[in-house]
Amino acid sequence: MKNLTPSQRQAVAARGNVLVMAGAGTGKTHTLVARCLDLICEEKVSLEEILIVTFTEAAATEMKQRLRAALEKTCNLQPSTCNHLSEQLALFDAAQIGTLHSFCLRLVRGHF
């Protein structure tokens, strides 16, 4: 949290549904990864309870890569949280991280 701007810290600390909207290169992905880590590590939220949508496949892929790397790094640095983080890493491939279009398609297919 120390390397985030005040607005980014506010987005990380906010609870409930949050929309992070900003221009290119402003740190949206960094902020969303920090928010997810905070929820997972501090509040023991499961990846099954988190929905992350972006507008492009490239952004979704980058988000997945950064979040997985951050979870692995945190697990190595904080052994006390490693059981929960290991569970989250096991759930990672089923995590709802993708584009807005892929989420809507999943929703329509599941509830047609």
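The legends below describe close-up views of a predicted model.

Local features need pLDDT of at least 70 and side-chain atom pairs count only at pLDDT 80 or more, while totals for chains, interfaces and linings use all residues. Residues are numbered from 1 along each chain as its sequence is written, and side-chain values use heavy atoms, with hydrogens and water left out.

View 1. Strands are DSSP runs of E with at least two residues, and helices are runs of H or I with at least four, numbered from the N terminus. In a regular strand the side chains alternate between the two faces of the sheet. Val53 counts as partly exposed because its relative accessibility is 36%; buried means under 20% relative accessible area, exposed over 50%, and partly exposed in between (1.4 Å probe, protein chains only).

**View 2. Pairing of β1 with β2 (residues 96–99).** The two strands run parallel and are joined by four bridges; pairing requires at least two DSSP bridges. Gln96 in β2 is the bridge partner of Leu51.

**View 3. The largest nonpolar core.** Such a core is a set of buried Ala, Val, Leu, Ile, Met, Phe, Trp, Tyr and Cys residues joined through side-chain atoms within 4.5 Å. This one has 20 residues, and Leu67 and Ile52 are among those that touch the most other members. Helices α2 (28–42) and α3 (57–77) each supply at least two residues, and α2 gives the most, with seven.
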